[in-house]
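The exercises below ask you to read contacts, strand pairing and backbone angles from a model. Work through each task before you turn to its solution.

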Amino acid sequence: MNYSLGPVLWYWPHEALQDFYRAAAGSEAQIIYLGESVCSKRRATKFNDWLAMARELAAAGKQVVLSTLALLQSPSELTELKRYVDNGEFMIEASDFGAVTLASEAGLPFVAGPALNVYNAVTLELLLKMGMTRWCMPVELSRDWLANLLTQCEELGIRDKFEVEVMSYGYLPLAYSARCFTARSENRSKDDCQTCCINYPQGRSLHTQEDQQVFLLNGIQTMSGYCYNLGNELASMQGLVDVVRLSPSGIDTLEVVSQFRANESGHSPITLAARGDCNGYWQRVAGLELIG
């Protein structure tokens, strides 16, 4: 299996992103996604900055993919999306069907991101015809669902025509909204948010009355409160999954890549915390649960 680092979903200062990706260049991840995929108001790192970091990573031997916004809401965001698609150097991860259409019209290959919500083989067949080369499964689906879906793909004769990627570590992006939850938590309007999410480099926690951290607020994005961790499920991915994705939450995520690789056969199990980690979706139970 190959390992990938998904795009940084949090709003980090430009210098912090540079430091992270310079360290990632020496990591065991073969594929690195980067780019602003949550909110266009996060402008500390601009398009040309992303391209410069992408070139450095490519020079270090990494396969680089530029991730796009999952929720477009204005003409300016569409213009920026076109810049990503037309960058001329790197493949994109399409996070909405507008990006799929633009890439297809330009005759460019793309990765179908988890935000596309693809749940069946017929849709995958359509995306293949439009230029998809890799599909990242929606985060809430199980191993059983994936196995059944790939059986459908075999029946359609498309099973070997694309790579399968699974989000396997990190805080899960569960929902997107036109509203900014982080701004609202500071009694700010979205138009006057002052990009306050930069003050929460790992999101803002939301607890139940029983003090269980069920969600993290990340701008317009609602994240899981527990860290999804399939580090002990890698053996069950054999024959199904080509790329294991880890979503960065800090520089320590690079060490997690090494831990995952060491445990591919299940001989170096990873210690999981019952009130901090979860793997329920993969096991076809409630997402916050931890099995095994």
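A salt bridge is a side-chain nitrogen of Lys or Arg within 4 Å of a carboxyl oxygen of Asp or Glu. The model is predicted, and local features need pLDDT of at least 70, side-chain atom pairs count only at pLDDT 80 or more, while totals for chains, interfaces and linings use all residues. Residues are numbered from 1 along each chain as its sequence is written, and side-chain values use heavy atoms, with hydrogens and water left out.

**Exercise 1. Salt bridges**

Task: Find how many salt bridges there are, and describe the pairs of Glu-186, Asp-144 and Glu-165.

Solution. Step one is the count, which comes to 10 salt bridges by the rule above. In general, side chains of opposite charge can pair when their charged atoms come close.

Step two takes Glu-186, whose side chain meets that of Arg-188 in a salt bridge with 3.0 Å from N to O. For the accessibility, buried means under 20% relative accessible area, exposed over 50%, and partly exposed in between, with a 1.4 Å probe and protein chains only. Glu-186 has a relative accessible area of 23% and is therefore partly exposed, and Arg-188, at 25%, also counts as partly exposed.

Step three turns to Asp-144, which forms a salt bridge with Arg-284, the closest N and O atoms being 3.6 Å apart. Because Asp-144 lies in helix α6 and Arg-284 in the segment after α10, this pair ties together parts that are 140 residues apart in sequence; helices (H or I, at least four residues) and strands (E, at least two) are DSSP runs, numbered from the N terminus. Asp-144 is partly exposed with a relative accessible area of 35%, whereas Arg-284 counts as exposed at 63%.

Step four concerns Glu-165, which forms a salt bridge with Arg-245 at 3.1 Å between the closest N and O atoms. This pair links distant parts of the chain, with Glu-165 in strand β7 and Arg-245 in strand β11 (residues 243–246), 80 residues apart. Both Glu-165 and Arg-245 are buried. Salt bridges that share partners join Glu-93, Glu-165 and Arg-245 into one network.

**Exercise 2. The surroundings of strand β6**

Task: Which strands pair with β6, and in which sense?

Solution. Two strands pair if DSSP finds at least two bridges between them. On one hand, 3 bridges join β6 to strand β5 (residues 110–112), and these two run parallel; the bridge partner of Val-111 is Arg-134 in β6. On the other hand, β6 and strand β7 (residues 163–176) pair in the parallel sense over 3 bridges, and here Arg-134 stands opposite Glu-163 in β7.

Finally, β6 (residues 132–136) is mostly covered, with 4 of its 5 residues buried.

**Exercise 3. Aromatic pairs**

Task: What is the number of aromatic pairs, and what is the geometry of Tyr-119 with Trp-145?

Solution. Rings of Phe, Tyr and Trp (its six-membered ring) pair if their centres lie within 6.5 Å; planes under 30 degrees apart count as stacked, over 60 as edge-to-face and the rest as tilted. By this rule the count is 6 aromatic pairs. The rings of Tyr-119 and Trp-145 have centres 6.3 Å apart and planes at 70°, so the pair is edge-to-face. Tyr-119 is in the loop between β5 and α5 and Trp-145 in helix α6 (residues 143–156), so that parts of the chain 26 residues apart are linked.

A further edge-to-face pair is that of Tyr-169 and Phe-260, at 6.1 Å centre to centre and 85° between the planes. Tyr-169 lies in strand β7 and Phe-260 in helix α9 (residues 253–262), so this pair ties together parts that are 91 residues apart in sequence. Tyr-169 and Phe-260 are both buried.

**Exercise 4. Positive phi**

Task: Where is Thr-195 found, and what is its phi?

Solution. Most residues other than glycine have a negative phi. Thr-195, in the loop between α7 (181–185) and β8, has a positive phi near 40°. Arg-284, which is not a glycine either, has a positive phi of about 70°.
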